[in-house]
Amino acid sequence: MAKLEEVVALAKRRGFVYPGSEIYGGLKGFWDYGPLGVELKNNIKSAWWNEMVYGRDDVVGIDAAIIMNPKVWEVSGHTEAFTDPLVECKKCHKRFREDHVEERKKIHKKIRYKTKGVSNITLTNEDKYYLFCSDGVSHEFTEPRVFNLLTEVFLGVTEPKQKTYLRGEVTQGVFVNFKNILDSTSMKVPFGIAQIGKAFRNEITPGNFTYRTREFEQMELEYFIKPDEQQAEKTFEYWKKERMDWYISLGMTKENLRFRKHGKDERAHYAKFAEDIEYKAPFGWSEFEGIHHRGDWDLGRHKLSYKDDETGKEYTPWVIETSGGVDRSTLFFLIDAYYKAKDRVVLRLHPRLAPYKVAVFPLLANKPKLVEKARKVFGKLRLSFHSTWDDRGNIGKRYYAQDEIGTPWCVTIDFKTLDDDTVTVRDRDTTKQERVNITKLIAYFDERLKT
Ligand SMILES: [Zn+2]
């Protein structure tokens, strides 16, 4: 597996991710995406939107404002739920209620005493969760404190300014528009509302590169169903599988992914039950998408309901939520794709996620005829695929440079091209080369992008 430092270095060197406001010493927990990073991130978001919105009859999308009436956060329970003092592990950043941790420690001590320090004590997974980081070493806790994660903002120019918050999750924008969507579309329960957008949390200990940040993007689906335990379970299992399959379909290594059920104590205030998709990151198994059964918590709190046209019955729908971190999945797609071959680094990104699909080279930069022909091919390709041009150095160096940023195909225009209109297409992963007629290039890449 790639080391985190290697991925961080590559990200900076090639323009995926830079430290936020770096020329002023940065700001803890904020990162900027460079020319390649923004492409990778956009490709992930559009693959998600394609799958979750365009590919389905039962989901519509929205884009709600980041700043909302503060009432939203009072009613949603966010301002009050963040008042319990918690301890946070300095290493894995998991948070626990202090009394819960103390209780587990006591039980653990008792067992150790009884077994006289025999080391192969069997602990339940829940015990382990409270006692150890994912690498098996004991947590190292901060002092207990109140983690009010909502970031305050003040609006207006005259005092007193109106206090509200940057949204702490994108979900609430969906709930407050529930009625609008029913009134303006033909959606009927069961149906879903999808949204991608930024959210903010005043994290005390940001860290692990772009994994734990104070500003981040989420891609979320709220799926509304009739209140029924069996239906909820079925829908929950359905979305669990859909979401896991999606990451695998875009090339994430199956063995680096797993589900983890939340224990009773670690669930968010709104969740009836919850399960995470975790990635085996260089810093341990780490959550990057959650599937939550939120029940009627949110719609109930906002006093919103649904009227069934057929039965005339009014009820508060339940919600199954899938909540994925865009920055976290971008990071894990990068880490998962990072591959060190003998003499080069290859980002084996799925072609659909790769920032550039095609790189075009004239074999020699000082032969006007080659350059002119290559420019023509490049001009054509870039209308269909995000493409890049390179005429520096020799072909071998250009290949390596493209491998390192994950470009799946390189097209070289050489002297043979001038005779027969064929070009060399070189594949990133196999390094195999093939002659393809210029008129067939677009179809050639199209076909490969679909698989
Ligand atoms: Zn820990």
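How many bridges join strand S19 to S21, and do the two run parallel or antiparallel?

1. Five bridges join S19 (residues 358–362) to S21, and the two strands run parallel. Strands pair here if DSSP finds at least two bridges between them; strands (E, at least two residues) and helices (H or I, at least four) are DSSP runs, numbered from the N terminus. Within this pairing, Ala359 has Cys410 as its bridge partner in S21.

2. A word on the source: this is a predicted model, where local features need pLDDT of at least 70, side-chain atom pairs count only at pLDDT 80 or more, and totals for chains, interfaces and linings use all residues. Residues are numbered from 1 along each chain as its sequence is written.

3. S21 also pairs with strand S22 (residues 422–427), through four bridges and antiparallel. Here Val411 stands opposite Val425.

4. S21 (residues 409–413) is mostly covered, with five of its five residues buried (20 or more other C-beta atoms within 10 Å of a residue's own, C-beta atoms being placed from the backbone). Trp409, Val411 and Ile413 point one way, while Cys410 and Thr412 point the other way. In a regular strand, side chains alternate between the two faces of the sheet.

5. Do look at the largest nonpolar core, which has 72 residues (buried Ala, Val, Leu, Ile, Met, Phe, Trp, Tyr and Cys joined through C-beta atoms within 7 Å). Helix H11 (residues 326–337) gives the most to this core, with seven residues. Phe332 and Val358 are among the residues with the most contacts inside the core.

How values were computed: Buried ≥ 20, exposed ≤ 12 C-beta atoms within 10 Å, placed from the backbone.
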